[in-house]
Amino acid sequence: MEQELLPRYNRGKERRWNSEWRRLNNLINHHRDTLSAEEYQELVQQRRAVPSRDVYDPDFRRLHYVRYADDFLLGFAGPKSEAMEIKEQIRAFLSTTLKLKLSEEKTLITHASQEKARFLGYEVQTMSSNTKVSPGKGGGLRRCVNGQVGFYVPRDVIETKAKEYSEGGKPCQMGYLLYQSDFHIVSHYQAVYRGLVNYYRMAHNLGTRLDRLRWVLETSMVKTLAGKHKCSCASLWKKHKVKVKTEHGPVNAFRVIVPRNDKPDLVTHFGGLSLKRECFRPLEDRVVQVFAKTSDLIARLNAVKCQLCGAEGVPLENHHIRRMADLKRKDGRKRPAWKKLMIAMKRKTLTVCERCHTDIHAGRHDGRALL
């Protein structure tokens with residue numbers, strides 16, 4: 001790329017002027033004093049309808065190259081025939097020199113103004129604006145963004161993520177989170193939402209795409225909490241809804257506070273992130289704490305009540321299984337409550353009282369209502 005293709009396909013300082021645009025521009029400048037207001041506006045609109053430079057200039061070519069790991073993207077200003085030549089030269093180099101095969105499914109030639117190219121999870125396309133300008137502001141078309149490269153959030157990425165938290169096309173509660181703490185539930189949804197917002201921060205359609213996903217995640221989260229506490233979603237919103245300040249103004253958020261003795265309260269939010277696009281997103285060179293000081297395992301070991309019958313003040317034990325697949329095995333009998341609970345929690349341990357633990361091993365647990 002740097003030694004052969006870029007020097008060969010980068011030529012010309014700038015495109016030559018478009019003769020039609022120059023003709024209209026000369027008419028406007030040379031006859032400004034003799035033209036009526038209507039004639040002047042008509043010429044201005046005609047000039048805005050044509051490019052100022054010749055987009056088919058044979059003496060001008062531009063080739064840009066960007067690569068991340070084994071993915072690369074080429075931006076080429078020139079005819080499609082030359083773009084196909086570049087592709088064939090890359091194929092030959094990969095085959096003969098590197099002994100690699102070019103993927104036909106991923107290596108596509110797309111027209112930047114009509115189609116979108118996929119690169120590192122973004123859709124890349126040149127922007128165009130056909131916004132009409134009022135006659136009082138000169139009339140015609142607003143072309144300030146025409147030809148600029150735009151980044152977009154793919155629709156299928158949002159739809160795939162939304163389906164994970166939906167059922168029948170509507171947001172639903174997540175059974176495997178019902179038996180987690182409120183702090184863990186809200187933090188889980190916030191981690192999913194924050195990761196997508198930060199990754200697609202440079203997208204031009206960030207607000208329109210992520211706002212829909214935020215609603216799906218938020219509704220699923222509130223339904224999960226409502227199912228856990230056996231209450232309405234409206235009551236949870238009334239209790240936990242707050243305004244959070246961001247760099248672009250206040251936004252709505254769902255806040256959960258966990259009070260602690262002799263320590264600062266634990267606070268987590270869902271939302272509270274601005275969806276305003278940023279032209280440049282710097283990388284933060286910091287160590288991310290992957291594992292928290294406490295985990296759900298520690299919380300289960302320190303549990304104070306049975307997860308099956310809800311008994312408190314009695315000795316508690318942990319029931320262990322070898323594999324999750326053993327819980328889902330069908331043997332013709334009704335699945336007991338303790339298996340349903342472990343499947344919902346996606347855990348291989350269950351904190352129960354001595355009586356429930358004995359009943360589980362004896363095969364006589366009657367599936368008492370879970371508390």
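Which is E123, buried or exposed?

Mentor: E123 is buried, with a relative accessible area of 16%; here buried means under 20%, exposed means over 50%, and partly exposed lies in between, with a 1.4 Å probe and protein chains only. Before we go on, keep in mind that this is a predicted model, where local features need pLDDT of at least 70, side-chain atom pairs count only at pLDDT 80 or more, and totals for chains, interfaces and linings use all residues. Residues are numbered from 1 along each chain as its sequence is written, and side-chain values use heavy atoms, leaving out hydrogens and water.

So what surrounds our residue? E123 sits in strand β4, residues 122-126. Helices (H or I, at least four residues) and strands (E, at least two) are DSSP runs, numbered from the N terminus. Setting aside residues up to four places away in sequence, E123 touches K116, A117, R118, G150, F151, Y152, V153 and P154; a contact means heavy atoms within 4.5 Å.

Now zoom out. The chain has 12 helices and 12 strands, and 32% of its 371 residues count as buried. Take contacts between residues at least 6 apart in sequence: 62% of them join residues at least 24 apart.

As background, an α-helix has 3.6 residues a turn, so residues three or four places apart point the same way.

Finally, look at a helix pair. Helices α5 (residues 155-164) and α7 (residues 206-229) pack at about 0 degrees, their axes 10 Å apart. That makes α5 roughly parallel to α7. Axes are lines fitted to C-alpha atoms, for helices over the stretch in contact, and angles run from 0 to 180 degrees between N-to-C directions. Under 35 degrees counts as roughly parallel, over 145 as roughly antiparallel, 65 to 115 as roughly perpendicular, and the rest as oblique. On the α5 side, R155, I158, K161 and A162 make the contact, and on the α7 side R209, L210, L213 and V216 do.
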